[in-house]
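Please look over the sequence and the structure below before reading on. The briefing that follows goes through them topic by topic.

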Amino acid sequence: MKAVHFGAGNIGRGFIGSLLYQSGFETCFIDVNNEIVDALNQNKQYIVKLANPSHDEMIVKNVHAINSANNQEAAIEAIANADIVTTAVGPNILPYIAGLLAEGLKRRLGDSEKPLNIIACENMIGGSTFLKEKVYEKLNEIEKDHFSASFGFLDAAVDRIVPNQVNEDLLMVSVEPFYEWIVDETNIVGEKPPVKGIIFVDDLTPFIERKLFTVNTGHAAAAYFGYLAGAQTIANVLENKQIHSLVEQTLQETGKLLIAKYHFDKKLHEDYIQKIIGRFSNPLIHDEVTRVGRSPIRKLGANDRLVGPARQYTELFGETPTYLIKGIAAALHFDYEDDLEAMQIQETIKFDGIEKAIEKYTQLKQESILFKEIVKQYKEVHINRL
Ligand SMILES: NC(=O)c1ccc[n+]([C@@H]2O[C@H](COP(=O)([O-])OP(=O)(O)OC[C@H]3O[C@@H](n4cnc5c(N)ncnc54)[C@H](O)[C@@H]3O)[C@@H](O)[C@H]2O)c1
Ligand SMILES: O=P(O)(O)OC[C@@H](O)[C@@H](O)[C@H](O)[C@H](O)CO
């Protein structure tokens, strides 16, 4: 069986590639990073190392790679012959791979009748649906009909903390032991993708919201509070009792929302929160606050991990969430120079003011109570940097 995976980065190699190998796939990574592509083609395997006390390792074999920046033809051919396509390139990159994916799928339609499922493994709600929209923008009406009959775009929630890698071995990836990959089965065409470790569900929404509004909300809060406090890594951040408590309280707020919306068992959800905080605190993972806080424009998006639950909380309970708002305010103070989105937000604040910046990046209306509370909190954080 052949897999094509877009994005041979942290999660691509450290999670998806590893499960594809364990399931018997030969994986072709498509990436634009020449160094990684060359190394994969040279070694044809790489090591995944677990951040556990015994530092267990496994070798992922049967891999090769194509640089789509200079070898589109090979990438199109690989997609045309794949048994599954997955991605982990980042939500903002999905529109840029859509053209190539569309070409590969068109060629496949010309060559065979075999159905194909595509799974975008990105931290966003409806990632595969979004990718499908971008692919369909490249098609005419007849092609759209053929695509709908032959290709399934399956939304997913993926969870495994894979920090930026600093190993001498370029391909080695250190990952946390925990993982979870939940896939919406409702749009599958043909057989269920035979990937060991995938949990198929018929309603993904509770799972993706639970993951994004707990793991990623807690992570973002820790990153932005931690950055203000001058911490380097997420594990360091959580050693600070004050921030530990801020993160926990933030997750109590998203927990209250999730339990009310999805009737999750209160005790089980509390256990889920504590397990996640434990994962963040893993001393064997060196996860920089700047990676976890990366792309703050995306993270401040109306439906993303901070503003999404804050908005829903305010609508459902008729009051604003104290700690989520603190997290949003801290994100607006994230002025890390190497992050283009952080710099863009800081420019907007500097030239247009905080109100215009909040409106632009969160889509919240100035007259809303949530908006006003964020402005207030932003000014307070400004005075008392943690
Ligand atoms: N790292 C994690 O802990 C983690 C966990 C769950 C989900 N995710 C999600 O996985 C996705 C990837 O995150 P990551 O941490 O692996 O990032 P990463 O930067 O390590 O990997 C992204 C890879 O995509 C490649 N890429 C960029 N543009 C491309 C293009 N046009 N075509 C093909 N490849 C391209 C990059 O070169 C890079 O190798 C994100 O959506 C992220 O939210 C990450
Ligand atoms: O990948 P992002 O930028 O959406 O979010 C940063 C981290 O929160 C994220 O990568 C987590 O490590 C991951 O989602 C854990 O499953």
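UniProt positions are given in the numbering used here, feature names are shortened, and annotations may be inferred rather than shown by experiment. On those terms, an unreviewed UniProt entry places the feature "domain: Mannitol dehydrogenase C-terminal" at residues 203-381. The model is predicted, so local features need pLDDT of at least 70 and side-chain atom pairs count only at pLDDT 80 or more, while totals for chains, interfaces and linings use all residues. Residues are numbered from 1 along each chain as its sequence is written, and chains are lettered from A and ligands numbered from 1 in the order in which they are written.

**Annotated regions**

- Helices (H or I, at least four residues) and strands (E, at least two) are DSSP runs, numbered from the N terminus.

- A residue is buried if 20 or more other C-beta atoms lie within 10 Å of its own, exposed if 12 or fewer, and partly exposed in between, with C-beta atoms placed from the backbone.
- Two residues are in contact if their C-beta atoms, placed from the backbone, lie within 7 Å.
- His5 belongs to strand E1 (residues 2-6), and His5 counts as buried because it has 27 C-beta neighbours inside 10 Å.
- Apart from neighbours within four places in sequence, the contacts of His5 are Gly12, Ile16, Gly17, Leu20, Thr27, Phe29 and Thr86.
- Gly7 sits in the loop between E1 and helix H1 (10-22), and Gly7 counts as buried because it has 26 C-beta neighbours inside 10 Å.
- With neighbours within four places in sequence set aside, Gly7 is in contact with Gly12, Asp31, Thr87, Ala88 and Val89.

**Surroundings of the ligands**

- A residue is near a molecule or strand if its C-beta atom, placed from the backbone, lies within 6 Å of it.
- Ala, Val, Leu, Ile, Met, Phe, Trp, Tyr, Cys and Pro count as nonpolar, Asp, Glu, Lys and Arg as charged, and the others, Gly among them, as polar.
- There are 27 residues around ligand 1, and Gly7, Gly9, Ile11, Glu122 and Asn123 come nearest.
- By class, the shell around ligand 1 holds 16 nonpolar, 8 polar and 3 charged residues.
- At least two residues of the ligand 1 shell come from each of H1, strand E2 (26-31) and helix H4 (94-111), and H1 gives the most, with 3 residues.

**A sheet of three strands**

- Two strands pair if DSSP finds at least two bridges between them.
- An open sheet with mixed pairing is formed by 3 strands in the order E9-E11-E12.
- Strand E9 (156-159) and strand E12 (198-201) are the edge strands, each pairing on one side only.
- From one strand to the next, the twist averages 15°.
- E9 and strand E11 pair in the antiparallel sense over 4 bridges, with Ala156 opposite Val183 in E11.
- E11 (residues 180-184) and E12 pair in the parallel sense over 4 bridges.
- Trp181 stands opposite Ile198 in E12, and Phe200 in E12 is the bridge partner of Val183.
- E11 is mostly covered, with 4 of its 5 residues buried.
- Axes are lines fitted to C-alpha atoms, for helices over the stretch in contact, and angles run from 0 to 180 degrees between N-to-C directions.
- H7 (residues 205-229) lies across E9, E11 and E12 and runs at about 35° to E9.

**Other helices**

- Helix H14 (residues 322-332) is mostly covered, with 10 of its 11 residues buried, among them Tyr323, Lys326 and Leu332.
- Ile36 lies in helix H2 (residues 34-43) and is buried, with 21 other C-beta atoms within 10 Å.
- Leaving out neighbours within four places in sequence, Ile36 is in contact with Ala8, Asp31, Ala65 and Leu170.
- Ile36 and Ala82 are 46 residues apart along the chain, and their C-alpha atoms are separated by 21 Å.
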